[in-house]
Amino acid sequence: MGILITDSRSIPLREGTIGRALGFSGFEPLKSYVGKKDLFGRKTRVTKSNLADALAAAAVMEMGEGDEQTPLAVIKDALVVFTTKPLSAKAKKLFLDPEKDIFAGVYLGVEGN
């Protein structure tokens, strides 16, 4: 069994909120497509799917953003790899170093960074 703690967030230049993973345990948060073929038969070089945030978005959609009072959601048959690895070893996988982030150029131009 995996556990996922979620919250809502907004995305720049997008209307509305979406769920995101704040914490998780019991499953691998990323699915790597690196080295696998895409629809055109080319090897993928960088794509990873963020399963933790994708599941969080689905859970928050079910729980609601208003007065629905639905404190949890149960996700069945999710296409995840369950694991018993300690959370601390996985938690860093969802965060990128700024030099690897495709948006770093935008953030580096902001005063105070």
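How do the residues of the lining of the second largest pocket divide into nonpolar, polar and charged? The lining of this pocket holds 16 nonpolar residues, two polar and one charged, where Ala, Val, Leu, Ile, Met, Phe, Trp, Tyr, Cys and Pro count as nonpolar, Asp, Glu, Lys and Arg as charged, and the others, Gly among them, as polar.

The model is predicted, with local features needing pLDDT of at least 70 and side-chain atom pairs counting only at pLDDT 80 or more, while totals for chains, interfaces and linings use all residues. Residues are numbered from 1 along each chain as its sequence is written, and side-chain values use heavy atoms, leaving out hydrogens and water.

A pocket here is an open set of points on a 1 Å grid over the protein atoms alone, where a 1.4 Å probe fits, with protein on both sides within 12 Å along at least five of seven lines; lining residues have an atom within 4 Å of a point. Volume is the space filled by probe spheres set on the points, which are joined across faces, edges and corners.

The second largest pocket contains about 520 Å³ of space. Of its 19 lining residues, Gly2, Ile3, Leu4, Ala73 and Ile75 are the closest to the centre. Strand E1 (3–10) gives the most to this lining, four residues; helices (H or I, at least four residues) and strands (E, at least two) are DSSP runs, numbered from the N terminus.

The largest pocket has a volume of about 1500 Å³. Arg9, Asn50, Asp53, Leu94 and Leu96 are the closest to its centre among 33 lining residues. Strand E2 (17–25) supplies the largest share of the lining, seven residues. By class, this lining comprises 21 nonpolar, three polar and nine charged residues.
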